Amino acid sequence: MTRAAQGKAAGRSPAEIFAASAPASQVARRATDRGFLALCLAFTSLAVVILAVLLFTVWRDGHERLTWGFLDSFASRKPAEAGVKAPLWGSIWVCAICALAALPIGVGTAIYLEEFARRSRLTSFIKLNISNLAGVPSIVYGILGLTAFARLFGTVSADDPITIGDPEGLLYLRLPFGNGVLAGGLTLTLVVLPIVIVSSQEALRSVPRSLRAGALALGATPWQTTWRITLPASIPMIMTGAILAMSRAIGEAAPILVLGVPLFIRSTPTNLMSDFTVLPLQIFNWAGRPQAGFHELAAAGILVLLAVLLAFNAVAVVIRHRLQKAS
Amino acid sequence: MIRGALFGCALLSIASTFTILAILLWQSATFFSMPEVSLADFLTGTTWSPLLGAEKQFGIWPLVAGTMLVTAIAAAFALPVGLVAAVYLSEYAPRRVRTALKPVLEVLAGIPTVVYGFFALTVITPFLHDRISEGFGTYNALGAGIAVGIMILPIVASLSEDALRAVPRSLRDAAYAMGSTRFDVSTKVVVPAALSGIMASWLLAITRAIGETMIVALAAGNLARMTVDPRAEVQTMTAYMVQIFLGDAPATGIEYRSSFAVATVLFAITLGLTVVGNLVLRAFREEYD
């Protein structure tokens, strides 16, 4: 009878038999393995614990302030009366502008790079440049937005702006943009553009070559192939990436801060030139104050921000699910 | 026509890079042409006092030192923890645990940084003050550094995990067939094979830590000085920029202009690290197909 068979007769598992017959060095290596597994579990559960403590703290400090009144009042010097109406609407406006600008440009760039670009020095330079842009700190994009959008490189004086339309109406335009929602949205566009481009590229790359070959073989032009075949097939992944990018945009405070938006705003945006602030900036403002009342406001603001992010991700899941079913 | 429009979109990304460069260089040139500052003092000076006193001094090193201290603390926390978590997820974890843990990392990665700043102020720093040492004030480098570390942890973990999972199964099988334990396979086969990806994830995480703004503006403080004491209040490059852009310094004043010179240094450091990261990925990549 072999040793394995003996072991089986004694009701031991193969691993135990192996361990029992192993030389001393192997016993030591097994101990190392188990020790490392313990380290793994400790480090990984650390991440879970941190997330739990973070969410618990924010909920504990903020949930009492989370009322309809909080969502429907403007900032105030008295913590008891303050709310997030202005930053909430500001975030929505800025995010909408950002999505309207970043999606076409980002997906367009990805289509060019994946479907049309020839292998050339310029193409590889564009690709390298996009990966470098992803590493630029967001506060530096704020400086770009401040100079390019808010001040139009100083070509038009802010004291003597060119205006079109009625300042109270929806279609009001002013050059330079100043620190209005349009400047904010376009600045965030620059921040998230690399994310949109890279995720759209991955989405397009995941479409099988055979689909394109089939369309081209039927006589479709490259653009028809892209527009009718490749793009529809990659939309679920593109949308997922886009929502990830929008989540990033809605959480960004630094670039908006550099634009120099006013700290106290008691109105919601009415057009593209309206003054605004955003949720993360309002949270920053409240969290930086020493009084406990403002810390509760900051926590409640964080809860609102996290709820918006959660809604975004829920939408992403629904879109992915629907489109996967349809295709 | 459509091709041209798409090409235009692609060119926009190049345009934004060069516009950033042009703005930073032009504004820095204006700053250095002011009589009170010199480029040599800026690059070698160890006192940064642009707002206080009659004698303004612009030596960048205290801000760089503050940034490095916070980044080093964040890296010391996040790089090892992130790598071990990645090894666990890719080599050890049962599928059920993996599907439960991935969303935790995704949520951590999606949390806005200002929330981590609030966390540093209300949880980490009070904990350090009450449990570790009375020397930790409201603003300190360690609390901000840990918060930045938490922020970059999911970047390290998920990018390193991608790199580890890209290592072909056959390499692992061969090592297991030789009687290796999972620890042996992980440390002697999989991690070395994925080293370029791991290094790239580390460099990206460090770049993020250096450029992180809201956490340090809330929790690290506004005192520019050269120190390695983690209990000390320090000022990072980004925190200085926040201080200036939040303040009411006039747009033509020397303080306001100095923030553009600081931004140029920040941009140069992060761009340098990103370029190095790309080179590492290309130079040390192991090809298996």
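Colleague: Which residues does A:T109 touch, not counting residues up to four places away in sequence?

Modeller: This is a predicted model, in which local features need pLDDT of at least 70 and side-chain atom pairs count only at pLDDT 80 or more, while totals for chains, interfaces and linings use all residues. Residues are numbered from 1 along each chain as its sequence is written, chains are lettered from A and ligands numbered from 1 in the order in which they are written, and side-chain values use heavy atoms, with hydrogens and water left out. A:T109 lies in helix α5 of chain A, helices being DSSP runs of H or I with at least four residues, numbered from the N terminus. With contact meaning heavy atoms within 4.5 Å, the residues touched by A:T109 are A:I130, A:I197, B:C9 and B:A10.

Colleague: Is A:T109 buried or exposed?

Modeller: Buried means under 20% relative accessible area, exposed over 50%, and partly exposed in between (1.4 Å probe, protein chains only). The relative accessible area of A:T109 is 0%, so the residue is buried.

Colleague: How much area do chain A and chain B bury between them?

Modeller: The contact draws on 73 residues from chain A and 71 residues from chain B. Buried area is the accessible area (1.4 Å probe) that two parts lose on being put together, summed over both. Carbon and sulfur atoms account for 80% of the area here, and the total is about 6500 Å².

Colleague: Which residue forms a salt bridge with A:D33?

Modeller: A salt bridge is a side-chain nitrogen of Lys or Arg within 4 Å of a carboxyl oxygen of Asp or Glu. Two salt bridges are counted between chain A and chain B. In the one that involves A:D33, the closest N and O atoms are 3.8 Å apart, and the partner is B:R182.

Colleague: Which helix gives the largest share of the side of chain A that touches chain B?

Modeller: Several helices of chain A each supply at least two residues to that side, among them α3 (24–62), α5 (85–116) and α13 (292–326). The largest share amounts to 22 residues, and the helix that gives it is α3(A).

Colleague: Why does B:L21 count as partly exposed?

Modeller: B:L21 is placed in helix α1 of chain B. The residue counts as partly exposed because its relative accessibility is 31%.
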